Amino acid sequence: MSNDPPSPVSSPLSYLELVKICDNFRLPPNHGSTDVFQKPSDTDSFVPWTLSQSPRSPAVGLLRLDVVDLLRKEKPGTWVIPEPQAGHRVSFDASVNTPRKRTAVLKELCERWRDTGVFPASIGPRKWRNEMYPVYRNPFGAHEYYPENDSDEGLGNYAFEMERAACALFGVVTYGIHMTIYQGIASSPQVKIWVPTRAKTKQTWPSWLDNSVAGGIPSGMPVFESLVKECEEEASMEADIVRNHTKPVGTISYFFRNRMHFLQPEVEYAYDLGVPHDTPFQPRPSDGEVESFDLLSLDEVKSKLRQGIFKPNCAAVLIDFFVRHGHLTPDDEPDYMEIVTRLHGRFEYERWCQQV
């Protein structure tokens with residue numbers, strides 16, 4: 001994440017370079033080996049976080065070694081942290097075995113870390129979001145939600161929920177919605193796109209350019225309802241317009257490491273909303289998160305993208321829009337295949353609990 005306003009680059013970025021800014025992390029070759037856990041100063045080394053010590057327990061996150069060291073100091077009965085060895089993993093204690101219990105343990109821990117100044121740049125009072133994000137057993141599975149569940153029977157996909165600001169500390173997969181609102185015909189060179197400037201007061205990426213509407217998916221809220229909520233809050237759009245005219249167009253996914261070297265693997269659900277060129281339409285800031293909206297030509301959007309002043313994941317969503325509507329093709333872009341495949345990654349998830 002960034003706390004600084006954007007600064008245009010001196011030399012235009014390629015589309016692949018823009019994607020690499022967002023999809024900027026790969027697990028080291030020795031991930032999972034004994035040696036990894038003997039380098040406490042190595043911020044490129046991570047330990048799998050699973051629900052239990054069972055070999056079949058799913059990985060839900062990747063923990064940096066300094067986070068693991070802090071968890072070692074927690075009271076007995078909450079965490080299990082074996083001695084470093086091949087296949088080493090951190091998990092909840094066997095008694096912390098339901099969504100409700102896991103959520104309670106993390107709530108107490110993260111709030112205490114916030115109040116005692118642990119990782120203030122991530123979860124300090126100014127960074128705290130007071131919003132819960134879901135964590136799933138299978139990050140590519142169903143978005144289920146059972147917050148009061150006192151049993152793991154049935155093994156539904158919902159595992160627990162946790163404070164949004166703390167998700168990067170624990171390397172869990174998070175989810176968002178991004179919508180591109182365009183005027184005219186999407187495949188036409190004359191298409192125009194509504195581009196907001198993020199408010200100067202935003203906790204993250206202040207004053208950067210953004211997608212027309214975007215936001216995280218909080219616990220318990222369906223994907224599309226999250227979009228409706230963000231449209232109302234960020235752009236003053238009526239719910240009926242969103243429900244009747246929005247088209248789901250897929251997802252992008254990427255493995256991002258922020259400037260503090262914490263991991264943020266993310267999935268973004270993408271939507272398009274086309275406005276006929278002769279139809280009056282004006283999104284308006286509502287909740288203070290957006291400074292202004294500008295209707296930009298395709299060439300203007302491309303130019304600002306290559307200046308590097310779009311929030312990185314928003315740049316990735318727009319590049320996906322260009323691919324889907326023929327503004328970026330294999331005939332005019334030599335890096336086309338790498339761009340497309342990197343926009344739909346799996347975070348090397350199969351390696352998270354790799355036994356070496």
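**Close-up views of the predicted model**

**View 1. Contacts of Thr 197.** Leaving aside residues up to four places away in sequence, Thr 197 is in contact with Ser 207, Trp 208, Leu 209, Val 290, Glu 291, Ser 292 and Asp 294. The model shown here and in the following views is predicted. Thr 197 belongs to strand β8, which spans residues 192-198. Its relative accessibility is 18%, and Thr 197 therefore counts as buried, the limit being under 20%.

**View 2. The largest pocket and its lining.** The volume of the largest pocket is about 860 Å³. It is lined by 45 residues, of which Arg 129, Tyr 133, Arg 164, Thr 204 and Lys 311 are the closest to the pocket centre. At least two lining residues come from each of α5 (167-170), β7 (174-183), β8, β9 (213-216), α6 (223-235), β10 (246-257), β11 (263-275) and α9 (312-324). Strand β11 makes the greatest contribution to this lining, with five residues. By residue class, the lining of the largest pocket comprises 17 nonpolar, twelve polar and 16 charged residues.

**View 3. The second largest pocket.** A volume of about 210 Å³ is computed for the second largest pocket. Its lining consists of 14 residues, and those closest to the centre are Leu 51, Ser 52, Ser 57, Pro 58 and Arg 137. Five nonpolar, four polar and five charged residues make up the lining of the second largest pocket.

**View 4. The buried side of helix α1.** Helix α1 covers residues 15-22, and its buried residues are Tyr 15, Leu 16, Leu 18, Val 19 and Cys 22. These residues lie on the same side of α1 because they cover an arc of only 160° around the axis. In an α-helix there are 3.6 residues a turn, so residues three or four places apart point the same way. The elements that cover the buried residues of α1 include β10, α8 (298-306), α9 and α10 (336-342).

View 5. Pro 218 is located in the loop between β9 and α6. Its relative accessible area is 11%; because this value is under 20%, Pro 218 is classed as buried. Apart from residues up to four places away in sequence, Pro 218 touches Glu 131, Met 132, Tyr 133, Pro 134 and Ser 226. One of these contacts, Pro 134, is 84 residues from Pro 218 in sequence, while the C-alpha atoms of Pro 218 and Pro 134 are 6.9 Å apart in space.

Technical notes. Residues are numbered from 1 along each chain as its sequence is written. This is a predicted model: local features need pLDDT of at least 70, side-chain atom pairs count only at pLDDT 80 or more; totals for chains, interfaces and linings use all residues. Side-chain values use heavy atoms; hydrogens and water are left out. Helices (H or I, at least four residues) and strands (E, at least two) are DSSP runs, numbered from the N terminus. Buried means under 20% relative accessible area, exposed over 50%, partly exposed in between (1.4 Å probe, protein chains only). Contact means heavy atoms within 4.5 Å. On a 1 Å grid over the protein atoms alone, a cavity is a set of points where a 1.4 Å probe fits but cannot get out, and a pocket is an open set with protein on both sides within 12 Å along at least five of seven lines; lining residues have an atom within 4 Å of a point. Grid points are joined across faces, edges and corners, and a volume is the space filled by probe spheres set on the points. Ala, Val, Leu, Ile, Met, Phe, Trp, Tyr, Cys and Pro count as nonpolar, Asp, Glu, Lys and Arg as charged, and the others, Gly among them, as polar. The arc is that of the directions from the helix axis to the C-beta atoms.
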